[in-house]
Structures are given as C-alpha cells and as structure tokens.
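Let's read a structure together, one feature at a time. Have a look first.

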Amino acid sequence: MSKRGDLRKKMQIGDWGLVGKILGIKAHNAYMSFLRPNCKRFPDVVAAIEKVIENREKLLTNPKSRMRVIERIIGKHDF
C-alpha cells in the first residue's frame, strides 16, 4: 500500500482542519494538496498529517497523557 493510503486509513474527523491550521491554509486546500503529489505544498501537508497522527497515537497510548488531557477538559475532580 502507498504511504498516502496508509495515512488516509489513520486519519480521523477534524484532521484536515488541524493540518490546515498548522500550515496556515484552509482545510479543503490541505486536502486538495494531499491529493496532488506534484503540488508544491504536498510534502508539507504529508509531514503535518504524519505529525498529527503520531501525536494522537502517543496521546491515546500513554495513560498519564490521557489523564492530563481529561483533567484539562473537565478540571481536576476526585472520581
């Protein structure tokens, strides 16, 4: 499978918006750049997608990180 295909399988809702914010472009432009390998932004888009996926996977696999995120969202409570 191609690298783009692998990345596409790991993407989730909201990732294009995040990639767009990282690169300072609209989400749709990030998506269209990803579909066009000859586009000048293509390497930047792929790198941003990889970083978003990598950070999400790290966050979800590390229990301490998960708790910190949950605490930020709902505040510290004794459950």
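Q: Is Lys58 buried, exposed or partly exposed?

A: First, the ground rules. This is a predicted model, where local features need pLDDT of at least 70, side-chain atom pairs count only at pLDDT 80 or more, and totals for chains, interfaces and linings use all residues. Residues are numbered from 1 along each chain as its sequence is written, and side-chain values use heavy atoms, with hydrogens and water left out. Buried means under 20% relative accessible area, exposed over 50%, partly exposed in between (1.4 Å probe, protein chains only). Lys58 has 47% relative accessibility, so it counts as partly exposed.

Q: Which side chain meets Lys58 in a salt bridge?

A: Side chains of opposite charge can pair when their charged atoms come close. The rule here is a side-chain nitrogen of Lys or Arg within 4 Å of a carboxyl oxygen of Asp or Glu. For Lys58 the partner is Glu54, at 3.5 Å, N to O. Both sit in helix α4, four residues apart, about one turn of the helix; helices are DSSP runs (H or I, at least four residues), numbered from the N terminus. Glu54 also meets Lys51, at 4.0 Å.

Notes:
Helix = DSSP H or I, 4+ residues; strand = E, 2+ residues; numbered from the N terminus.
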